[in-house]
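Hello,

Here is the structure for you to look through. Please open it first, then read my notes below.

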Amino acid sequence: MTGHAPLGQHVDPRDVLATDSLLSDEERLLRDTVRQFVGDRILPEVGEWFDAGTFPAEMAKEFGSLGLLGMHLEGYGCAGTSATAYGLACLELEAGDSGARSFVSVQGSLAMFPIWAFGSEEQKQRWLPGMAAGELIGCFGLTESDSGSDPSSMRTTARRDGDDWVLNGSKMWITNGSIADVAVVWARTDPEGPDGGAVRGFVVPTDTAGFAAPEIHRKVSLRASVTSELVLDDVRLPADAVLPGVSGMRGPLSCLNEARFGISFGAVGAARACYEAALEYSLDRHQFDQPIAGFQLTQRKLVEMMVSVQRGTLVALHLGRMKDAGTLATQQVSFGKMDNVRMALEVAREARSVLGANGITTEYPVIRHMNNLESVYTYEGTNEIHTLILGHAITGIPAFQ
Ligand code: TGC
Ligand code: FAD
């Protein structure tokens, strides 16, 4: 027994390390279902959505009927899958477009998760089933124009007025803001009040007086996704609008762990799509009387891309198995988000070069992914912030300030 496959055995160019064998039958089935959905419903149209700078809100119900919204949460109409299954769905969605994965991340990990984890039973019953079905769309308001990487410097306030809460301030760069039915908004309470100035989460129906969500235009990245400002002008909410189960920055940062985990998988999907587009193109495209895949310099690019995608897949799966075992540390999530997103961006740029001039049009998916990944590199904690989280983890010295 040599431990080797027979000489000359074929390897799959799309999965050279046979990472597929690490999935269960159930995971493969889910992966294939989402892949087919992306092929049928997203890929044929996403170029137009990107060109038009829009994401159709109607897709929410389609995501809902596939069980993709809040899919790793239990109860309240959620599918209750494993974390790895959620990751695999993110991977396939982002192989279509980062905007599709963003929609699902924000809905499930950023809007539903805080209600599910920190909400009252009444809040859960009111919002989660409709959100799981895609009948109600949620958004997550943490970032402000002057508080991005340092969200604890936020200026949005929540003041008590009798039993009511009154919110004032604004949030910036909020995915799904203009199409949302409900916004989970993080605001700082009165330092003199009973919450002692702690950040609290509020469930804000977007038809509440004083709430507005103007859309942000002129993006050249993540165009197939709605991004908005949230304006809160004396938004008066009943006492029970606050999320009772959490106080302090732990609230919003816990939600980020969920979404960053999904991005660790999602980025691999975008990278895989770019690698596969470059491989296919390089085998078809002839120059100097031969396929450009026959040039050593092109082969090197293809091999580097393939190795990166395979390595990213292994990292993501490892994180998924740890999350399912309940052992995943937040710093390990930062590893996946930081390394897989930068990997995907490098792969996208390399793939773009293989496509030559064709690589600069949205006729091919590569530059769309490449531009999208610039947003993914920045949101959910920039590459630098995750570097510093890991730097802190290995040295014990925080270097944020
Ligand atoms: P720090 O003083 O370290 O901690 C404050 C409290 O928070 C707790 N904590 C966490 N809890 C859960 N998960 C984590 N990852 C946590 N990190 C910290 C910590 O234990 C402490 O709790 P307690 O109870 O002792 O008070 O926090 P800090 O304010 O100094 O922050 C550190 C830093 C820089 C790492 C953090 O601010 C950060 O991660 N900044 C990046 C901001 C960010 O990622 N924003 C994302 C906005 S949402 C978004 O981008 C959506 S994109 C959506 C799409 O996909 O379209
Ligand atoms: P800044 O924090 O100003 O950073 C600018 C640069 O400085 C970066 O390179 C950063 O890494 C660097 N920097 C900052 N601090 C340090 C430091 N201590 N050390 C070293 N370098 C540092 N937010 C939400 O709340 N909800 C959403 O739904 C949402 N969706 C988004 C969708 C899109 C398309 C985009 C682009 C952003 C979205 N965001 C959302 C906001 C996103 O989370 C922020 O953009 C991100 O956290 C970075 O903040 P910033 O853009 O203000 O950059």
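Start at ligand 2. One of its oxygen atoms lies 3.0 Å from a backbone N or O atom of leucine 142. Keep in mind that this is a predicted model.

Side chains reach ligand 2 as well. An N or O atom in the side chain of serine 149 is 2.6 Å from an oxygen atom of the ligand. For threonine 382, a side-chain N or O atom is 2.7 Å from an oxygen atom of ligand 2. How much of ligand 2 does the protein cover? On its own, ligand 2 has 970 Å² of accessible area, and the protein covers 69% of that. The ligand is surrounded by 17 residues. Among the closest are Thr143, Trp173 and Glu384.

Now the aromatic rings. The model has 13 aromatic pairs, counting rings whose centres lie within 6.5 Å. One pair is tryptophan 165 with phenylalanine 202. Their centres are 5.0 Å apart. The angle between the planes is 70 degrees, so the pair is edge-to-face, a class that needs over 60.

Where do the two residues sit? Tryptophan 165 is in strand β3 (residues 164-175), and phenylalanine 202 is in strand β5 (residues 199-205). The pair therefore ties together parts that are 37 residues apart in sequence. Are they buried or exposed? Tryptophan 165 is buried, at 2% relative accessible area. Phenylalanine 202 is buried too, at 0%.

Two more items. Phe37, Trp49, Phe55, Phe63 and Phe103 make up one aromatic cluster. Lysine 323 lies over the face of phenylalanine 261, 5.5 Å from the ring centre.

Best wishes

Notes
Residues numbered from 1 in each chain as written. Chains lettered and ligands numbered in written order. Predicted model: local features only at pLDDT ≥ 70, side-chain atom pairs only at ≥ 80, totals over all residues. Heavy atoms only, no water. Phe/Tyr/Trp six-rings, centres within 6.5 Å; stacked < 30°, edge-to-face > 60°. Helix = DSSP H or I, 4+ residues; strand = E, 2+ residues; numbered from the N terminus. Buried < 20%, exposed > 50% of the residue type's maximum accessible area, 1.4 Å probe, protein only. Lys NZ or Arg CZ within 6 Å of the ring centre and 35° of its normal. Near = heavy atom within 4 Å. Polar contact = N/O pair within 3.5 Å; in protein donor to acceptor, adjacent residues only side chain to side chain. Areas by Shrake-Rupley, 256 points an atom, 1.4 Å probe, with all protein chains shown as cover.
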